[in-house]
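Biologist: I would like to go through this model with you. Where do we start?

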Amino acid sequence: METLANLESFVRSAESGSFSAAARRLALTPAAVSRNVAMLERNLGVRLFQRSTRKLTLTEAGESFLTAIGGNLESLQNAIAAVSAEDGQPAGVLKISLAPTFGMSHLLPLLPEFLQRYPRIRPEWHFENRAVDLIAEGYDAAIGGGFELAPGVVARTLAPAHIIAVASPAYLARHTLPADPSGLIELDGVVMRSLSSGRIRTWNMRNAQGDEVAAVMREAVVVNDPAALRESARLGLGVAMLAVADVLPWLESGELVRVLPRWWADAGAISLYYASRDLLPGKTRVFIDFVIEAFKREDYARRFAGSLG
């Protein structure tokens, strides 16, 4: 009977068209993946891939074999993960992607409680300002916004992602507050350059009456990270547009103040992303339930809503 490692190496290589990509997903070396596939071919007595310097291409036998085992492999992996410890406790490496500012402010403080409940789980949390490919990169889940829903991935909405204008009390004491977003052009803007497009991010703000006004900012300071944007505003350098979730502790402490309390921009939602499976691994299932429970307990859906003023 073939080993699970050989079958996993074959399926992931077929999905990605590369031993290297499969190796990243399986946390192996490319040489190990290639060796596993070669062993599988030798045991079956057929060639599963046509190999070139650029990519792997399935042979006719390889395509037939992939169709035959693909779904069964997922079921076997899930069954193994679901009983990952003798006493039934969830266990294993939990690989999560988190937006840095949001993750460190709101998710990392929950980790001690999570590990106390599930001591057999080993967290591997990646704090990164990008939308990862959950399946191709081997993540168990991701929390953030702006992800494209690839096949096999679902999103569970946690809270709104509302953008508001903020500044320090010291800065606002020296300037006249605008009546609506069009007046922001008269203030110093601390703006962010997008890592993906290279453009300055702009927003259209709205109010409860349905009015919508472009928030045009004068580019006094340009940064490329939300945490730097927040810190620049705290230092009194100007007005910054940030998600409520990224500035909530500083709003509640009074270090930052909303410039236009009745105006906000809608950036979608903060969501929990994970693979769509009938049987999730135990470690992933308990993480999802834990995060949803924590968001309800902390009332984040309401507290992150910039529409509430």
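Modeller: With a definition: helices (H or I, at least four residues) and strands (E, at least two) are DSSP runs, numbered from the N terminus. The model is predicted, so local features need pLDDT of at least 70, side-chain atom pairs count only at pLDDT 80 or more, and totals for chains, interfaces and linings use all residues. Residues are numbered from 1 along each chain as its sequence is written, and side-chain values use heavy atoms, without hydrogens and water.

Biologist: How many helices and strands are in the protein chain?

Modeller: Both kinds of element occur in the protein chain. The count is 12 helices and 13 strands.

Biologist: What share of the 309 residues counts as buried?

Modeller: Buried means under 20% relative accessible area, exposed over 50%, partly exposed in between (1.4 Å probe, protein chains only). By that cut-off, the buried share is 45%.

Biologist: Which elements do the buried residues of α10 pack against?

Modeller: Helix α10 spans residues 244–253. Its buried residues include Val244, Leu248 and Trp250. Contact means heavy atoms within 4.5 Å. The partners are α5, β6, α9, β11, β13 and α12.

Biologist: Which residue follows α10, and what is its phi?

Modeller: The residue after α10 is Gly254. Its phi is positive, near 90 degrees.

Biologist: Is Asp299 buried or partly exposed?

Modeller: Asp299 sits in the loop between α11 (282–298) and α12 (300–303). Its phi is positive, near 60 degrees. Most residues other than glycine have a negative phi. The relative accessible area of Asp299 is 32%, so this residue is partly exposed.
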